[in-house]
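Please walk through this structure with me, from its metal sites to its chain copies and its helix packing.

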Number of protein chains: 4
Amino acid sequence: MKTTAIVMNEPGELEVQEITIPDVGPDDVLLRVEVTGICGTDVHMYNGGMDLDFPVVPGHEFTGVIEEVGENVERDSKGTEIREGDNLSVVPAMDNDGTDWYSRNMPGRPRLSENADRFGFDNVADQYAGGMSKYVVLPPKSFYYKLPEDVPPELGALVEPISVGMHAFERSMQPGHPHIREGFGVGQSVAVQGAGPIGLFAIASAKAAGAGQIIAIDAIDERLQLASAFGATDLVNLTEYEADELITTVKELTAGNVGPDIVIEAAGVPTAVEQGIELPHDGGTFVEVGHFAYNGEAEINPTRIVQKELDVLGSLAYPPTQFESAIALIDQLQDEVPFGDLFN
Amino acid sequence: MKTTAIVMNEPGELEVQEITIPDVGPDDVLLRVEVTGICGTDVHMYNGGMDLDFPVVPGHEFTGVIEEVGENVERDSKGTEIREGDNLSVVPAMDNDGTDWYSRNMPGRPRLSENADRFGFDNVADQYAGGMSKYVVLPPKSFYYKLPEDVPPELGALVEPISVGMHAFERSMQPGHPHIREGFGVGQSVAVQGAGPIGLFAIASAKAAGAGQIIAIDAIDERLQLASAFGATDLVNLTEYEADELITTVKELTAGNVGPDIVIEAAGVPTAVEQGIELPHDGGTFVEVGHFAYNGEAEINPTRIVQKELDVLGSLAYPPTQFESAIALIDQLQDEVPFGDLFN
Amino acid sequence: MKTTAIVMNEPGELEVQEITIPDVGPDDVLLRVEVTGICGTDVHMYNGGMDLDFPVVPGHEFTGVIEEVGENVERDSKGTEIREGDNLSVVPAMDNDGTDWYSRNMPGRPRLSENADRFGFDNVADQYAGGMSKYVVLPPKSFYYKLPEDVPPELGALVEPISVGMHAFERSMQPGHPHIREGFGVGQSVAVQGAGPIGLFAIASAKAAGAGQIIAIDAIDERLQLASAFGATDLVNLTEYEADELITTVKELTAGNVGPDIVIEAAGVPTAVEQGIELPHDGGTFVEVGHFAYNGEAEINPTRIVQKELDVLGSLAYPPTQFESAIALIDQLQDEVPFGDLFN
Amino acid sequence: MKTTAIVMNEPGELEVQEITIPDVGPDDVLLRVEVTGICGTDVHMYNGGMDLDFPVVPGHEFTGVIEEVGENVERDSKGTEIREGDNLSVVPAMDNDGTDWYSRNMPGRPRLSENADRFGFDNVADQYAGGMSKYVVLPPKSFYYKLPEDVPPELGALVEPISVGMHAFERSMQPGHPHIREGFGVGQSVAVQGAGPIGLFAIASAKAAGAGQIIAIDAIDERLQLASAFGATDLVNLTEYEADELITTVKELTAGNVGPDIVIEAAGVPTAVEQGIELPHDGGTFVEVGHFAYNGEAEINPTRIVQKELDVLGSLAYPPTQFESAIALIDQLQDEVPFGDLFN
Ligand SMILES: NC(=O)c1ccc[n+]([C@@H]2O[C@H](COP(=O)([O-])OP(=O)(O)OC[C@H]3O[C@@H](n4cnc5c(N)ncnc54)[C@H](OP(=O)(O)O)[C@@H]3O)[C@@H](O)[C@H]2O)c1
Ligand SMILES: NC(=O)c1ccc[n+]([C@@H]2O[C@H](COP(=O)([O-])OP(=O)(O)OC[C@H]3O[C@@H](n4cnc5c(N)ncnc54)[C@H](OP(=O)(O)O)[C@@H]3O)[C@@H](O)[C@H]2O)c1
Ligand SMILES: NC(=O)c1ccc[n+]([C@@H]2O[C@H](COP(=O)([O-])OP(=O)(O)OC[C@H]3O[C@@H](n4cnc5c(N)ncnc54)[C@H](OP(=O)(O)O)[C@@H]3O)[C@@H](O)[C@H]2O)c1
Ligand SMILES: NC(=O)c1ccc[n+]([C@@H]2O[C@H](COP(=O)([O-])OP(=O)(O)OC[C@H]3O[C@@H](n4cnc5c(N)ncnc54)[C@H](OP(=O)(O)O)[C@@H]3O)[C@@H](O)[C@H]2O)c1
Ligand SMILES: [Zn+2]
Ligand SMILES: [Zn+2]
Ligand SMILES: [Zn+2]
Ligand SMILES: [Zn+2]
């Protein structure tokens, strides 16, 4: 079928065009896009920073309403029944084809496989448009999740970036023995460096999971105020402290002055990594999510990682199932947390 | 020093006496008991079901106010600063002496060691009274935790039984990979069999940790109403269903009709075990906490454990650190959950 | 293409026939079967115990030599390069189609999904023959692993049942903190109930992983001798003891007399389950693998699971990657362990 | 009692003296030291690099024969029965006093607590001598393990440094799901950077645990030969390659050319960290053990940790129970691995 879309013919060049997407088959769902978020990745793409096979219809953070459900389709990827008119949030990366080393050997980390088609990044000729298309066809190998009735549809476009922050937070849960502080549990303390969207979503994830203390660190007071609204219990403006003083300040906020159990670096600057490794108590966890893109080298003293017996855990995107938890998070926190403020 | 206490001279015989407890040393804390909970275990003791060295001052669920702080004591067991007038909740089991196999080899499960003195169960001659004493001296090898200012002191007596329900719930978090449903995460589904205190606390724990769906199962509607107030999202009165129908009913409440991710047996009757093993989806987790005391044998088909590739996890009491999380739970949920109703 | 195969037209009726299998495409591998193992499952099938869509070419434990490699195929499922003449061991279950709840939500446990084609169990019309065919075509969605040069091809037919025993053993490794005896590590103690093939392979797995003590329990001395050859360090003939005496005997073999860290039930009889739950030390692990098929109910006292704070873990078949470890196990142990004796 | 010892009065000054150690009480063991290892830490101490309360009797890697067993002592710390004449290996750090934040909150990582007395580092006035004393008294709060009869006593002095290498290796086992490559399992691949003692012991640990491939990386061929004797299957002399070429070379040794599952940095130089983070496949694990002491900063690109979704795990010393596994390792490998060569 034909639909209208904003096409990026090459980096820096956007154009409204009529494009061809697949006809809706019995195993597919036809989605009318309602909201598409734009993030740093789209800007990066526009600026030529991504090696893609153009032309592409951008938009990897999108939500929409079901226009048509193929006759064999009864449920979304979580198993919830769906029908015309339901709102769906769509995972950009589809199921990989199952044949590369990563999908065979590390099925728990689907994002490591590079054999997946992706809405918002694939060539228009492949007929997988992104969220900047009026309609998108969702094939069986794609992942889509119904939004609960009481969740406003526009929040559906936040499910993707929430998944990034939430996956980073969930990296800290391994190996699931919170009573000996090996893995996260209710009442533990979390510090988040950076109160941009990713940091805010990490904060909300910690709140949803029952963190007892959430320390937000940023350079801008307004962002810290937003962090507070997202669940931070303690706010630290880093511009008010010298380097060592910042570490001490954060530690002194925690019981026993030992430092937080978990620290999440969502600032994306090398200094934040250098500071972040000092923040958790010995035996704690440092999650690195902020450096998706290169932003310079960090000077690390490896002896600190040994002496603190630290877990430093990288976090890349999210598995599709993270959408289930991200939607649950919105559902639980939407009355308390001003998600809508992020659209301004 | 001398204090007044209710002494159980032998099972079935209680008497108010003046007893001797240690003088408060520089490493000790003197607690004036304010509230002491009574539970099935105390009844069991009174009925002669426990093999103890009487006379004993009962009371293992107690809270009080600090009357005196030894000069070397600055912090509670979590590291929070304490002073006279603060409210404390006290763990009945003290630190074991570190010399038996369990404390040497399984330090993450202190309750398995039997070399620990215990408030509420030890002989009065050992000078460790229980909560039915006016004063209790807390030596350095005991664990005590400050209640936050905004938590009403009487809730402190709930910290002990909450720890039982919460530890049961936290058993399901292992190994901490919620995105592949190996371990619990925000948005997952939990069913709790039995809406007595332990079940209610397991429900509240699941709520605090961000469960997306909490199914309470009990025989009495009033208890189910309480379960709802504690966080249950779905209520199932088992008396309304035949055996198999109950299983199907619970499964149909969950997305995909597969059954909940985690099932916690807090009913304490063998039938509940037989039903409970059927409830979780394949690859799910069944936590057994209800059978602290013998209540008959359950007839299990081991093939179901194989075919479902189930994790069946026993849960015994709690480690002392569970008090930290239990207090955090009260702090987070006290405005929503009617903890006080349990005192009636 | 055409090939010759033994076809089970219906339970109890085997016949040699010419059948059609797919032509070898550019993404396929053509295997000339060399050895096919027969196990209890085949007997079960022959006796009508399995609900299959007959006619079927049986044989799910097979190995063979590559006759032809499709032009796009370079590597086996582990990533090892392959060529004509190499020996392969083939996983009966292929990749599931990725659309059911289990494959979407529990990608780490592929066997829970029922949407997979299977060599040895599918209808001949589906063109997936089992190992009782002269030739088998391996499509890209199947899993096959190259045998190391120094492994005799006939041992390749053992990779499948070894995977069953090994997966059962590996269930005990969760959550990977052996130094506090949460999960298995070098030097720990394992007891295996039942010294049939599955038990023997569990024993060999424990040996390969560095167990310090492996206690084999069986009723027949000859089997215990074989267990010793497979790695058991202690042999217990259960017919020599009364019930409780058996438990005590096993416990007294272990350091501290506490009982083994891990117990694997590979006998498949309900009594073994009842005994097995008593064997591990408190806080230990009991793996249930023996009851693939129904063999009666076990009478369990749930209080023991609570008081021992046991992990009872069901083990169902294996994920395809278990073939990688099973082949590694053969490779490491073949000079010490008489795998060939199992063919008699 | 009196005994003779080598006393370090201050850094750089050693003297043979008669010292006082406690009389052997009913809960103690008297050990006649037989072998004491000297390592970099002793040299560091001698050179004034450690802030200790001198005079000290050095020696933290020691083994000896039991001269006298207190009447209440029946078993070693693992629970094995002991008697006069048995050989013991002694953990330098004793049980901490249980009162600091780390011993209360992280009982699974006893080394993080600083409240422990330590043989080999404490002031002579505290009466805890190190291995350079003729006799050492082992109080109940110390950890000591019987050597199996067939282990030559001198190997007992290796148990301590083996524990360092083994703990580093075991850090990679978390969370114990080897079949999805989350945690180590039989058949997986390990690379070890640095073939000094720590690296060699990490190699032997990987071998004992069933690694399928062990790649040793060092600058000196003789050390690589020793690595081979300790279990390495592939040897890489880093001086033969440019930086990037080294990475590629190691990756190409592994199946699928993806890189090893686990990399252990036991070289102790910053470049090794920089290289090491590149070596494992995406989603793999990098264990940092080499930088016990400061040796300069490493320049890390945090984006690599994100994009590879790496686990970087620091490893500090070992918990006392590591001695159990280290002794098991010697017991299992002593016929294959030339442990004795390390004494030259
Ligand atoms: N791992 C993944 O899969 C993934 C996916 C998406 C995004 N990301 C990354 O996540 C990072 C955060 O994204 P975002 O959209 O939230 O970015 P953002 O809006 O730029 O927010 C970052 C915040 O961190 C603050 N900051 C700077 N230095 C800091 C420090 N030392 N300590 C604490 N805060 C500091 C910044 O303050 P100033 O503005 O004043 O400097 C800013 O407020 C980005 O770098 C992005 O690349 C990762
Ligand atoms: N593991 C431990 O460390 C530990 C510690 C403390 C307590 N416990 C145990 O935990 C159990 C629960 O304690 P509690 O104080 O909450 O007990 P409780 O007040 O007796 O509550 C149990 C509830 O379960 C209901 N029930 C009975 N059969 C059921 C079934 N098949 N399915 C669902 N619900 C069912 C009961 O209903 P009816 O009253 O109508 O039968 C009752 O409402 C006790 O058995 C206790 O021994 C364990
Ligand atoms: N979970 C799975 O995915 C899976 C897959 C395949 C097979 N299996 C199951 O695994 C089980 C074992 O298979 P197998 O081929 O090894 O069977 P097997 O050859 O029958 O071996 C079982 C052994 O256990 C012995 N035994 C009986 N009672 C015992 C007890 N109480 N304690 C210890 N040993 C006892 C038997 O002795 P006697 O012969 O003297 O009774 C026999 O030697 C089977 O039941 C099978 O269904 C499970
Ligand atoms: N975490 C802990 O608790 C703990 C405890 C004890 C020791 N340690 C540390 O462990 C480290 C190793 O101890 P050790 O006694 O085995 O030391 P070692 O004998 O110095 O061995 C280190 C080896 O690494 C080699 N090497 C240097 N650069 C390398 C590179 N880029 N890649 C691979 N190998 C490289 C060295 O070769 P060259 O000699 O030619 O440079 C040397 O052979 C030490 O730094 C020590 O501080 C840690
Ligand atoms: Zn985005
Ligand atoms: Zn109680
Ligand atoms: Zn079979
Ligand atoms: Zn040393």
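Donors are N, O and S atoms within 2.8 Å of the metal (3.2 Å for Na, K and Ca); water is not among the atoms, so sites may look incomplete. The model is predicted: local features need pLDDT of at least 70, side-chain atom pairs count only at pLDDT 80 or more, and totals for chains, interfaces and linings use all residues. Residues are numbered from 1 along each chain as its sequence is written, chains are lettered from A and ligands numbered from 1 in the order in which they are written, and side-chain values use heavy atoms, with hydrogens and water left out.

Start with the zinc ion (ligand 7). Cys39(C) (SG), His60(C) (NE2) and Glu61(C) (OE) coordinate this ion at 2.1 to 2.3 Å. Along the chain, the donors follow the spacing C-x20-H-E. Cys39(C) sits in the loop between β3 (29–37) and α1 (40–46) of chain C, and His60(C) in the loop between α1 and β4 (61–69) of chain C; the pair links distant parts of the chain, 21 residues apart. Helices (H or I, at least four residues) and strands (E, at least two) are DSSP runs, numbered from the N terminus. His60(C) counts as buried, because its relative accessibility is 3%. Here buried means under 20% relative accessible area, exposed over 50%, and partly exposed in between (1.4 Å probe, protein chains only).

Now turn to chain D. The zinc ion (ligand 8) is held by Cys39(D) (SG), His60(D) (NE2) and Glu61(D) (OE), at 2.1 to 2.3 Å. The donor spacing is C-x20-H-E. Cys39(D) lies in the loop between β3 (29–37) and α1 (40–46) of chain D and His60(D) in the loop between α1 and β4 (61–69) of chain D, so the pair ties together parts that are 21 residues apart in sequence. Is each residue buried or exposed? Cys39(D) is partly exposed at 22% relative accessibility, whereas His60(D) is buried at 4%.

Back in chain C, strand β4 holds Val65(C). With a relative accessible area of 9%, Val65(C) is buried. Leaving out residues up to four places away in sequence, Val65(C) touches Leu30(C), Leu31(C), Arg32(C), Glu34(C), Gly85(C), Asp86(C) and Asn87(C). Contact means heavy atoms within 4.5 Å.

How do the copies relate? Chain C can be laid on chain B by a turn of 180° and a shift of 0.0 Å along the axis, with an RMSD of 0.0 Å. The two copies are thus related as by a two-fold rotation axis. Superposition is by least squares on the C-alpha atoms of residues with pLDDT of at least 70 in both. Of the interface residues of chain C, 100% are also interface residues in chain B, so the copies meet through the same surface.

In helix α6 (residues 243–252) of chain B, Leu246(B), Ile247(B), Thr249(B), Val250(B) and Lys251(B) are buried. The buried residues of α6(B) pack against β9 (213–218), β10 (234–237) and α7 (270–276) of chain B.

In chain D, the axes of helix α3 (residues 159–170) and helix α9 (residues 322–333) come within 9 Å and cross at roughly 100°. Therefore α3(D) is roughly perpendicular to α9(D). Axes are lines fitted to C-alpha atoms, for helices over the stretch in contact, and angles run from 0 to 180 degrees between N-to-C directions. Angles under 35 degrees count as roughly parallel, over 145 as roughly antiparallel, 65 to 115 as roughly perpendicular and the rest as oblique.
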